[in-house]
Amino acid sequence: YLKISKLALAFAIIHSKPPGKSCKEYTEHLAKTVSEQDFGWKSKVEVLEAEVLRLRQELLLNKICPRFCLVNDASAEALLDRERVNPVSYSSQLEDSGCDVSNDYAFDSLGTASDFHQSEHNVNISKPWFEMVPPLNLCCASKKEFLTAPVQFLQHLLEIRKLSEGGILQADFTELENDSFTVCSSVSRLLDGLTVFYNSPKFPVSNFLTEAVSVLISLITDTKLSNHVLKKCFKKLEEFKKNLIQIILKNSSVNRFQALHAVSHTLVLLGRNNILRNSLISLLLSEVRRFAEQLLQAHQIQAMYDITQYENIFPLCMMLEQLLQNETEESNISSSDYDGEEKIKFLRNLDQIILYLSDEFPLFSLYLWRVSVLLNSGQIQ
């Protein structure tokens, strides 16, 4: 049947082709026309799916707290208007090599580091979350505004949580268990959008994207909501962390260092959560160990090594050191509580690796030694 159909289609194309065009040209024209129609349908389906998700989000919020009113006021519209008219200012350093990362203003110009430091401890802010949320616009082609729905939904969850904790509203968060699809889809869309941004960051960075990261961190660190979210979205969060680590390792652009700082800071903030911290430490240990073994092999046979990846490994080392220090300072938990397999693999032959690399790669060897000391700090104590 398939062969007969193909033969019939071929005859139809031959008989209907206009004069002056070959069969190949006419076939390519028909294929392009059909693909454009398919693309149009896909775009319509995406818009409809986004609308369905928005309605499910509103329904879930109403079930959790019927008294909570969703508001898109003038202040929300003003936020996007101000961003369109007066985009975020950024330092002229972003136009050069980006190697000078000692300037704090350069980090602030990303719209990430300074805002994250303020937001990670300020979940209970004076201004209501819903007054900070841009209005939802599903007709806009901008990918940024397709992120508005999940960000708005998660901000509303945080606002209800804050108001219910203060006794202002009565909320039933057990409804999150009954509608896992809405929560998973919202978090998934948010993580996918952030991954796209970190893969090809645009300067100046939008205030909205900074707010999206702030919402994600607030959600993960919230004592009540994080349990519901992690239970349903753990695999997606693990995939998100792996993607960010690969973005750091594979980024070869000249002006990459400030962008890598933003990615690293997001990962460190995710590592504030006890459940995510252990898996993040295991991922970092695996990548640092893999690179150390490759570097040792290249050094022994006097082969070339990837200088870009050598430069990019240091953000991973600094993250690893910071997470291990935080764990030791906060809970004094022995490092043996981390993933045992990755810890054993990392420490195996580490002294030999440091010995061989210390002359030519002293800084990297120093980081390896510092990480090993932190991993063994629990046993030393």
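This is a predicted model: local features need pLDDT of at least 70, side-chain atom pairs count only at pLDDT 80 or more; totals for chains, interfaces and linings use all residues.
Residues are numbered from 1 along each chain as its sequence is written, and side-chain values use heavy atoms, with hydrogens and water left out.

**Nonpolar contacts and surface**
- Leaving aside neighbours within four places in sequence, leucine 157 is in contact (heavy atoms within 4.5 Å) with Leu61, Ile64, Phe173, Leu176 and Leu225.
- On the surface, Leu363, Leu366, Trp369 and Val373 form a nonpolar patch with about 370 Å² of accessible area together; patches take residues with over 30% relative accessible area and no salt bridge, joining like charges within 9 Å and nonpolar side chains (Val, Leu, Ile, Met, Phe, Trp, Tyr) within 5 Å, and areas follow the Shrake-Rupley method with a 1.4 Å probe, where for residues only the protein chains shown count as cover.
- Valine 373 of this patch is found in helix α17 (residues 362-375), helices being DSSP runs (H or I, at least four residues) numbered from the N terminus.
- Valine 373 counts as partly exposed because its relative accessibility is 35%, given that buried means under 20%, exposed over 50% and partly exposed in between (1.4 Å probe, protein chains only).

**Arginine 161**
- Arginine 161 is found in helix α7 (residues 148-165) and, at 6% relative accessibility, counts as buried.
- Not counting residues up to four places away in sequence, arginine 161 touches Phe173, Asp222, Thr223, Lys224 and Leu225.
- The C-alpha atoms of arginine 161 and cysteine 65 are separated by 9.9 Å, although the two residues are 96 residues apart along the chain.

**Salt bridges**
- The structure holds 15 salt bridges, each a side-chain nitrogen of Lys or Arg within 4 Å of a carboxyl oxygen of Asp or Glu.
- One of them joins arginine 161 to glutamate 165, with the closest N and O atoms 3.6 Å apart; glutamate 165 counts as exposed at 52% relative accessibility.
- Glutamate 341 and lysine 345 form another, with closest N and O atoms 3.2 Å apart, and because they are 4 residues apart in helix α15 (residues 340-347), about one helical turn separates them.

Methods:
Helices (H or I, at least four residues) and strands (E, at least two) are DSSP runs, numbered from the N terminus.
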